[in-house]
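Please read the following points alongside the coordinates. They are arranged by topic, and the cut-off for each term is given where the term comes up.

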Amino acid sequence: MHPVWVYDSGRLLIYLLQDGEYVESDISPNFPEIAIAQMIPATVERAWQVGNLQALEEFESAIG
């Protein structure tokens, strides 16, 4: 299963193909144990505050 991620207006939307239609999902099968839909928007916001490198380092540490 290949999810489709759409980042729009500060939200990460995850869509999964089920029975020929895409349906919104709270989790991504790529990262089932991680609240990725919450983490990505927070990381993008953090990048605006502290810069990309630090935000990515913090993200990497969080998923560690």
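**Notes on the predicted model**

1. Val4, Val6, Leu17 and Tyr22 together make a nonpolar surface patch of about 320 Å². A patch is built here from residues with over 30% relative accessible area and no salt bridge, with like charges joined within 9 Å and nonpolar side chains (Val, Leu, Ile, Met, Phe, Trp, Tyr) within 5 Å. Accessible areas come from the Shrake-Rupley method with a 1.4 Å probe, and for residues only the protein chains shown count as cover. Tyr22, a member of the patch, is found in strand β3, residues 21–25, and counts as partly exposed because its relative accessibility is 46%. The class limits are under 20% relative accessible area for buried and over 50% for exposed, with partly exposed in between (1.4 Å probe, protein chains only).

2. On provenance, this is a predicted model, in which local features need pLDDT of at least 70 and side-chain atom pairs count only at pLDDT 80 or more, while totals for chains, interfaces and linings use all residues. Residues are numbered from 1 along each chain as its sequence is written, and side-chain values use heavy atoms, with hydrogens and water left out.

3. As to overall architecture, the protein has 2 helices and 3 strands, and from the N terminus on its elements run β-β-β-α-α. Helices (H or I, at least four residues) and strands (E, at least two) are DSSP runs, numbered from the N terminus. The C-alpha atoms fill a box of roughly 40 × 25 × 15 Å along the principal axes, and the accessible surface comes to about 4800 Å², of which 53% belongs to carbon and sulfur atoms. Buried residues make up 22% of the 64 residues. Of the contacts (heavy atoms within 4.5 Å) with a separation of 6 or more, 27% are accounted for by residues 24 or more positions apart.

4. The strand pairing deserves a residue-by-residue look, with two strands taken as paired if DSSP finds at least two bridges between them. Strand β1 runs antiparallel to β2 (residues 11–18) and is joined to it by 5 bridges, with Val6 standing opposite Leu13 in β2. Strands β2 and β3 are likewise antiparallel and joined by 5 bridges, and here Leu16 has Val23 in β3 as its bridge partner. In a regular strand the side chains alternate between the two faces of the sheet.

5. Ser9 is exposed because its relative accessible area is 71%, and Asp19 counts as exposed because its relative accessibility is 83%.

6. How many aromatic pairs does a search of the whole structure find? The search finds 1 aromatic pair, formed by Trp5 and Phe31, which is tilted, at 6.0 Å centre to centre and 50° between the planes. Trp5 lies in strand β1 (residues 4–8) and Phe31 in the loop between β3 and α1 (36–50), so the pair ties together parts that are 26 residues apart in sequence. Rings of Phe, Tyr and Trp (its six-membered ring) pair if their centres lie within 6.5 Å, with planes under 30 degrees apart counted as stacked, over 60 as edge-to-face and the rest as tilted. Trp5 is partly exposed at 35% relative accessibility, as is Phe31 at 31%.

7. For salt bridges (a side-chain nitrogen of Lys or Arg within 4 Å of a carboxyl oxygen of Asp or Glu), the count comes to 2. Arg11 and Glu24 meet at 3.7 Å, N to O, and this pair links strand β2 with strand β3, 13 residues apart. Glu58 and Arg46 meet at 2.8 Å, N to O; Glu58 lies in helix α2 (residues 52–63) and Arg46 in helix α1, so the pair ties together parts 12 residues apart in sequence. Glu58 is partly exposed, with a relative accessible area of 31%, and Arg46 is partly exposed at 28%.

8. A last point concerns Thr43, which lies in helix α1 and counts as buried because its relative accessibility is 16%. Not counting residues up to four places away in sequence, Thr43 touches Ala55 and Phe59.
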